[in-house]
Each structure stands twice: as C-alpha cells, then as structure tokens.
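My notes follow the order in which I looked things up.

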Amino acid sequence: MRCIVILIAVDIDHKVSLLEAQAKAAKKARADAKAKANAKAGEKVEIEDNRLLGVSVNTFNGVVSRARHIEQMTVAEYQGGSAIFVGRRNGGIEAISKGTGQSLYAFSEPGFTNAVSVQSNGRVIGRQEYVGLGVGEDAFISCTNLGNVRFQKLDAEGGEGRDGGFGLMKLPVDVVRMRAHKEKIGLFAAGGREQELSIWDAETACVGGGGEYAEPKCEPLFRSENVEPDWLGLRVPVWITDMQFLDSNTSNPQMVVSTRHSHIRIYDAKAQRRPVHSWEIGKAPIVHMAASHVKPEIFYSDNLGNLNQLDLRTGKVIGGYKGISGAVTDIALSEDGRRVAEVGLDRFLRVYEADGMRRMLHRAYVKQRVTSVVWDWEVKDVDQDEIDRQETEGIWQSMDTLGQKEKHKRESKRKAKAMA
C-alpha cells in the first residue's frame, strides 16, 4: 500500500500492525539509550534504526520552498503511465513521474503571483491560490479563489479557444472549492463564500481569446438555491467548503456539499435546486470531505481536528477516528474502501480502518506540515481476508490435537513412575 503525501511516498506494510511497530521501536530506543551510555564508557556499540517497522517514508521530488508549496494534488494517467499532478503556489501545474520523480509536464499560469487586492464579503483577498485541480486523459482543469477557471489540453502550446488547446472562464470571486468529475474532466462543480453550488461543462462554457478570463457564454448545467430562512425568518448564509460527486451521471449528477456552518447537504440536479437532504452536524465548521465509492457514506473533518464518518441514508454520524492532534488538511480512501488516510497540521499521516472498530492501523511522521494526500491505487493492497485466513490456519496448525495431548499426558505419567 502506498500513500503519497505532498511529494513524499509513504510505503506501508499491512502485515505489521501499529502496536507491533511501536513496541519494536520502543525496544530499539531503549537499546539505543543503552548503547549511548556504553559509548560514554568507552565501548563502541552500533545503534539500530528506530523508525516504525512496516512504514517507509521517502522524499522523491522537490525541495523545501515556500514558493513551490503544493496547494492541490491528484493522480492521473499520463504518457502511458501514472503521474502525480500538482498545483503550486507560484502558479505552476506540473506532472511528476511516480517512478523517477522527474517532471513530465509543466505549465505556468501567467501573472499568478502578481499582487492583488480584491474586496469580497467584508474582507480583502491579497493572494491568488488554487482551490481545485482535475486531470483527465488529455486535459486538465484548474480553478483559483479569484474564480479563474482554465481548461487546457496537456499537449497544448498556445493558441486561442478550445481548438487551440485551452479555454478560459471567469466565476465570481471567493471560490473556496472546485471538484472535477472523474468520468468527464470538463464537468466540474464550484462553490464558495456567498456562492451557491454550480455545475458547469467547461467544453461549452469556457471561452478563449487573447488569454483573458471572461464570463461564461452559457448558463450552468445546475445552480443550487439557498435553503428557506430559519425559524426567525433570517436568511441562512452561504459558505460552501467542499463537495463531491456521488455518481457517474454526467447529465444530472448528485452531489454532497459541506458548509462552514456545519451543514452536510445532498443535491440532485434532476429533482430540484434546493437540497433534497440537509443536516446540521455538530457546531464546528466542516472544512474537508471525501465520499466513499463503495458505500453511501462520507468522511468529513472540521477545524478542530475531528474526523468522522456519516451515513448519507440517515444523516447520522456512525463513527469517529481518534488520535488526531491537529486540523485535518486532506482525506483519501483506499481502492477497496476499507481504509481511510488523513493528513494534517500535526505533520502525521495516519491510516485507519474505514469500518469495524475504526482502529489506527499505521502512522508516519513526515516532518513537514502536510497539504495533500492521495492513495496510489496502482500499488495493490494485500488482501486482508487472505491475511486473516493464513493467520487463522497458523494458529490451528500450532495447536495440538486432543489425541496428541492425551498421548503426551500418558508419556509424562510413565516417565514420572519410572523416575519414582
């Protein structure tokens, strides 16, 4: 199993449990302390590596640089293989080989780092940043907090309009999150502060011409409507923080949305503009969310470092995950949906069971504040059912049968009589 955190590959061995790894690490730490004490006395003793067994952390691309800080990351097929696509703080979009760490594709957004001062919702936006990145077979789509959407062919070198390789589009300022559809990369959803959920088709909405971002030339495929006023008759503020597509339908998709005001809402583009379900979950703002592709469930985190699991059929929280000591910055699910990985400001990568006891299976310290995590589905996970079966067979094979136990007892009695 491999999780990719920023551009650090963390390889995890499923056969080694977290408790076993911690116990062996503690034993090695005690041995190291004893070795250092002996070294002071003049004895030379080799010090062993005390990293957690079963977890390997390897940096395979990049250097510590604030300007090249990674804001968005995803994995996609490129040039006959799998690559990591990142959106950087300096406006660069880059494809990096998972095998060698070499750059395969690079694009830089013109004027991305220019100073800005935009008034929006009672505050000033002073920097442009990526809030979404999606990659398909031959194109990528990106969006910034200023509402600048770029839909570009990966082999494009310039030109005007989509025929020349790219299309541009301008959304309202203060976009918080953009998500692209996995089946059709040009289909994307966006929302933000005082911005309702909107779903667009970039192939028809984006316009070209001189590299200028312009208003879309058509209406969105879907635009949500705010919920009804509360019991005091006051308008409910809009502040979307994340969203996920729930199905493969590209004409009338279903979406789940989280808000800064602790709401989880489900929208059905075919049914109505207002949410078909809306739940208030706790009091803390919900900032990140990941939808399960196996069950009707989502995993969401708030700004207090809580990671919980929600059943979309009932709107009830069915479990939480312990051991997190900082705000969660990203969540990712394994291919079989049985494990969930999270990263946060405490600089740890943690892997949990997605169901059952929701135990922490693995943990790795990655030395830096982590911005993104993706699951490498090409590195196939070990079949947990097969591991359990082998362990069970080993236990049974190590046990003596009833006949063998009786034989051992008779032999022991004979030896005792002979000795007497």
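Below are my entries on the overall fold, the cores, the surface and the salt bridges.

**Ground rules.** I am working with a predicted model, where local features need pLDDT of at least 70, side-chain atom pairs count only at pLDDT 80 or more, and totals for chains, interfaces and linings use all residues. Residues are numbered from 1 along each chain as its sequence is written, and side-chain values use heavy atoms, with hydrogens and water left out.

**Overall.** I looked up the secondary structure first. The protein chain has 4 helices and 30 strands. These are DSSP runs, numbered from the N terminus: helices are H or I with at least four residues, strands are E with at least two. Next I checked burial. Of the 420 residues, 46% are buried. Buried means under 20% relative accessible area, exposed over 50%, and partly exposed in between (1.4 Å probe, protein chains only).

**Cores.** Which residues have the most contacts inside the largest nonpolar core? I found Ile141, Val149, Phe151, Met169, Leu171 and Phe188, in a core of 18 residues. The elements giving two or more residues to this core are β11, β12, β14, β15 and α2. A nonpolar core is a set of buried Ala, Val, Leu, Ile, Met, Phe, Trp, Tyr and Cys residues joined through side-chain atoms within 4.5 Å. I also noted a second, separate core of 14 residues, which includes Phe112 and Leu154.

I then picked valine 149. Leaving aside neighbours within four places in sequence, its contacts include Ile141, Cys143, Met169 and Tyr213. Contact means heavy atoms within 4.5 Å.

**Cysteines.** I counted 0 disulfides; the rule asks for a pair of cysteine sulfur atoms within 2.5 Å. Cysteine 143 is buried, at 0% relative accessible area. Cysteine 218 is partly exposed, at 29%.

**Salt bridges.** I found 21 of them. Each needs a side-chain nitrogen of Lys or Arg within 4 Å of a carboxyl oxygen of Asp or Glu. Aspartate 355 meets lysine 295 at 3.4 Å, N to O. Aspartate 355 lies in the loop between β28 and β29, and lysine 295 in the loop between β22 and β23, so the pair ties together parts 60 residues apart in sequence.

Is aspartate 311 buried or exposed? Aspartate 311 is buried, at 9%. Its salt-bridge partner is arginine 313, at 3.1 Å, N to O. Arginine 313 is exposed, at 59%. Last, I noted that shared partners join Arg68, Arg88 and Glu94 into one salt-bridge network.
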